[in-house]
Structures are given as structure tokens and as C-alpha cells.
Amino acid sequence: MSRKRVAVLISGRGSNMAALIDAAKDKTFPAEIVLVLSNRPDAGGLATASATGIATEVVEHTQYGKDRAAFEAALQAALVKHRIEIVCLAGFMRLLTAGFVDRWPERMINIHPALLPAFKGLDTHQRALDAGAKVHGATVHFVVPEMDAGPIIMQGVVAVSPDDNEQTLGQRVLAVEHRIYPQALKMLAEGRVRVIDGRCLIDGVPVSDAGTTAPPD
Ligand code: GRF
């Protein structure tokens, strides 16, 4: 079976992008990263991608003003040009409209630094600390028009220590992100993920029975 052609969309340093690129270096990995696309020309991840020989594109949202449809049309054109089959959002800091999202049904995934549905949005680590959460983590999910709300493919858990601050907790969650994002992409590219009634099944079994919840470290 041919490897799925993947685009990674970034806005910043791209450490999750790098984890995906690293995993896909293995020729037996069922997906290849063929494009890194950023909405910001200064995104650090662009240089990392170029250094590994991966094509990069910049679609600057600022050039489109309030015209989100035109911005998204430019994104779509870049994805079509590179014959992309799966889109991975990795710290891509633009909300996408239904008009775009609906073009990628069950083919666009995101990594979120919290155990969804808790702590959608930003500042997840501080909010988890403020809430006194005992466990925290990261989630890979399908992208739907509502932010951070799509079916959950995989989650990884970390224990919150009483000594944690936003930075220490964030570092441990990031390590989990780098572990689970490639695993989730692998399962998706292998065609093992199905969505039934808004919930993911992996090889026909619920996510929690499919070994897709990493234990606390
Ligand atoms: C990660 O924490 C990711 O979960 C969130 O944005 C951050 C991006 O970091 N969506 P990086 O650019 O992958 O290093």
C-alpha cells in the first residue's frame, strides 16, 4: 500500500512537526510528510522542515485581512497542489471555518495539550494547575468546525506533581505529544480509525480498549 501524503500545518517552532517528520523517516511508516505549511513566514519549524528536504509553503493570513474564505482557498490550493491526503495541525494558530474543515472529513487531525474535553483553547497547563487537576496530558483528535471538539483518536496522560509549574508540566506534556502524535497518524494512515456516532473506533474497538491511552508516567 502506498504511503499517505501528509501536510503538517504550523505557526511556530514545530516540535510536533519534527516528531512527525522523524517518525515518517522510517520507510515502513504508512505516511510521508511531503509538505509543511505555515501561516507565518517567521515560524521556526519552516527551517527545520527545509533542512530535512521537505517542501514548505507560507500562506500568510495577514495578506487576506478579514477574508477567511480567500485565506482558506489559498491553503486548499497548496494542499491540492501537493496532492495531500491527510492534514496534521501542529500548533497551527488559526481557526478554520466549516467551509474548509468539511473538505477534509476524517482526514484532518490536531494535537491539543490537554485531556479533552477538559481545557479547550489556550493556556491549558496553567488552567489545569489552577483547577488542581491530578492528571493532565494531550489529545489527538479529528478536526471539526467547533474548536478542540472532534472525535478523540488518542490521549496520553501525565501525573500532575504538587511542585509543578506551567513550564515543568508543559514540558512533560510536550514529550507525550511527541510520542502520541506519530502513533495516531500511523493508525489513521493505516486506515484503522473509524468514527461511529462521534466516537472513534480503532480496528473496531473503542479507543480505550485499543491501547490508545498512554499510562501516567
Ligand atoms: C503544542 O503544545 C500543541 O499541542 C499545541 O501547540 C503547541 C505547538 O508546539 N497545539 P510545537 O510548535 O509543535 O512545538
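Student: In which helix does A78 lie?
Tutor: A78 is part of helix α3. Please keep in mind that this is a predicted model.

Student: Is A78 buried or exposed?
Tutor: A78 is buried, since its relative accessibility is 7% and the cut-off for buried is under 20%.

Student: Which residues does A78 touch, leaving out those up to four places away in sequence?
Tutor: With those left out, A78 touches L35, L37 and E57.

Student: Let us turn to Y64. Where is that one?
Tutor: Y64 sits in the loop that links β3 (55-58) and α3 (68-81). Its relative accessible area is 26%, so Y64 is partly exposed.

Student: What does Y64 touch, again not counting residues up to four places away in sequence?
Tutor: The contacts of Y64 on that basis are V59, A70, F71 and A74. As for distance, Y64 and F100 are 15 Å apart from C-alpha to C-alpha and 36 residues apart in sequence.

Student: Now the overall layout. Which domains is the chain divided into?
Tutor: The division is into domain 1 (1-104) and domain 2 (111-217). The C-alpha centres of these domains are 20 Å apart. Their contact involves 23 residues from domain 1 and 16 residues from domain 2.

Student: Which residues touch the most other members in the largest nonpolar core?
Tutor: That core has 41 residues, and V8, I33, V36, C88, I153 and L185 touch the most other members. Helix α6 (residues 166-189) supplies the largest share, 10 residues.

Student: What about V8 itself: which residues does it touch beyond four places in sequence?
Tutor: V8 touches M17, L20, I33, L35, V36, L37, C88 and A90. There is also a second, separate core of 21 residues, which includes A7, L37, L96 and F100.

Student: Next, helix packing. At what angle do α1 and α2 pack?
Tutor: Helix α1 (residues 15-24) and helix α2 (residues 44-51) pack at about 15°, and their axes are 9 Å apart. Angles under 35 degrees count as roughly parallel, and α1 and α2 are therefore roughly parallel to each other.

Student: Is that crossing left-handed or right-handed, and which residues meet?
Tutor: The crossing of α1 and α2 is right-handed. On the α1 side M17, A18 and I21 take part, and they meet G45, T48 and A49 in α2.

Student: At what angle does α1 pack with α6?
Tutor: The angle between α1 and α6 is about 45°, with the axes 9 Å apart. That makes α1 oblique to α6. The crossing of α1 and α6 is right-handed.

Student: Which residues meet there?
Tutor: From α1, the residues are S15, N16, A19, L20 and A23. They meet L174, E177, H178, Y181, P182 and L185 in α6. L185 is also among the core residues that touch the most other members.

Student: A change of topic: backbone geometry. Is the peptide bond from L116 to P117 cis or trans?
Tutor: The bond from L116 to P117 is cis, with omega near 10°. P117 lies in the loop between β5 (108-112) and α5.

Student: And what is in α5 itself; is T124 there buried or exposed?
Tutor: T124 is found in helix α5 (residues 124-130) and is buried, at 3% relative accessibility. Not counting residues up to four places away in sequence, T124 touches H112, P113, A114, F119 and H136.

Student: Last point: what is the phi of R83, and what of D203?
Tutor: R83 has a positive phi of about 50° although it is not a glycine. R83 lies in the loop between α3 and β4 (86-89) and is exposed, with a relative accessible area of 56%. D203, which is also not a glycine, has a positive phi near 50°. D203 is in the loop between β9 (199-202) and β10 (205-206) and counts as partly exposed at 48% relative accessibility.

Terms used. Residues are numbered from 1 along each chain as its sequence is written. This is a predicted model: local features need pLDDT of at least 70, side-chain atom pairs count only at pLDDT 80 or more; totals for chains, interfaces and linings use all residues. Side-chain values use heavy atoms; hydrogens and water are left out. A nonpolar core is a set of buried Ala, Val, Leu, Ile, Met, Phe, Trp, Tyr and Cys residues joined through side-chain atoms within 4.5 Å. Buried means under 20% relative accessible area, exposed over 50%, partly exposed in between (1.4 Å probe, protein chains only). Helices (H or I, at least four residues) and strands (E, at least two) are DSSP runs, numbered from the N terminus. Contact means heavy atoms within 4.5 Å. Axes are lines fitted to C-alpha atoms, for helices over the stretch in contact, and angles run from 0 to 180 degrees between N-to-C directions. Angles under 35 degrees count as roughly parallel, over 145 as roughly antiparallel, 65 to 115 as roughly perpendicular and the rest as oblique. A crossing is left-handed if the near helix is turned anticlockwise from the far one by less than a right angle, and right-handed if clockwise. Domain bounds come from an automatic or database domain assignment.
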